[in-house]
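The following paragraphs guide the reader through a protein structure, from its overall features to individual contacts. Please keep the sequence and the model in view while reading.

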Amino acid sequence: MSWTLLLLVAALALIAVRIYSKLRLARKSRAESWDEQIIGRLRSQGYAPFNDYRVDFFLALPDEAACQGARARLEPEFSVDVKRLQNDPSLGYSLHATKFHGRYDGWAA
């Protein structure tokens with residue numbers, strides 16, 4: 001057997017192993033949904049899905065009508081307060097929403 005044929009067979013085997021490993025990796029990453037990835041990342045950071053956590057966020061809104069619309073959608077579940085922004089008139093208002101989120105019951109649709 002010549003050395004070139006032996007090198008060619010070794011190179012083809014190496015390429016086949018590389019393709020096989022990439023396909024396995026792609027299949028594994030496709031199998032995990034976005035929710036599973038987020039939960040996995042939270043667990044790796046020490047969060048437990050059955051503990052109570054506070055949900056707290058801010059929205060910058062242009063006018064009071066937008067604030068009222070957001071408040072109407074958020075208030076059944078969140079406590080909402082709105083403040084007029086003095087430093088940035090282009091944004092107008094800052095809406096702050098807070099909720100003490102209890103046990104994980106699945107993602108809201």
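The protein chain has an accessible surface of about 9100 Å², and carbon and sulfur atoms account for 60% of that area. The model is a predicted one. Of the chain's 109 residues, 13% count as buried. Its secondary structure consists of 3 helices and 3 strands, which follow the pattern α-α-β-α-β-β along the sequence. Where contacts in the chain join residues at least 6 apart in sequence, 57% of them link residues at least 24 apart.

One part of the surface deserves attention at the start of the chain. Leu-5, Leu-8, Val-9, Leu-12, Ile-15, Ile-19 and Leu-23 together make a nonpolar surface patch of about 650 Å². Leu-23, a member of this patch, is placed in helix α1, which spans residues 3-31.

The largest nonpolar core comprises 9 residues: Leu-61, Cys-67, Ala-70, Leu-74, Phe-78, Val-80, Tyr-93, Leu-95 and Ala-97. Two or more residues of this core are supplied by each of α3 (64-74) and β3 (93-101). Val-80, one of the core residues, touches Arg-71, Leu-74, Glu-75, Leu-95, His-96 and Ala-97, when residues up to four places away in sequence are not counted.

The structure holds 2 salt bridges. In one of them, the side chains of Arg-71 and Glu-75 meet with an N to O distance of 3.0 Å. Glu-75 is partly exposed, its relative accessible area being 40%; both Arg-71 and Glu-75 are also among the residues that Val-80 touches.

Another salt bridge joins Lys-99 to Glu-77, with the closest N and O atoms 3.1 Å apart. Because Lys-99 lies in strand β3 and Glu-77 in the loop between α3 and β2 (79-84), this pair ties together parts that are 22 residues apart in sequence. Glu-77 is exposed, with a relative accessible area of 53%.

Terms used
Residues are numbered from 1 along each chain as its sequence is written. This is a predicted model: local features need pLDDT of at least 70, side-chain atom pairs count only at pLDDT 80 or more; totals for chains, interfaces and linings use all residues. Side-chain values use heavy atoms; hydrogens and water are left out. Patches are made of residues with over 30% relative accessible area and no salt bridge: like charges are joined within 9 Å, nonpolar side chains (Val, Leu, Ile, Met, Phe, Trp, Tyr) within 5 Å. Accessible areas come from the Shrake-Rupley method with a 1.4 Å probe; for residues, only the protein chains shown count as cover. A salt bridge is a side-chain nitrogen of Lys or Arg within 4 Å of a carboxyl oxygen of Asp or Glu. Helices (H or I, at least four residues) and strands (E, at least two) are DSSP runs, numbered from the N terminus. A nonpolar core is a set of buried Ala, Val, Leu, Ile, Met, Phe, Trp, Tyr and Cys residues joined through side-chain atoms within 4.5 Å. Buried means under 20% relative accessible area, exposed over 50%, partly exposed in between (1.4 Å probe, protein chains only). Contact means heavy atoms within 4.5 Å.
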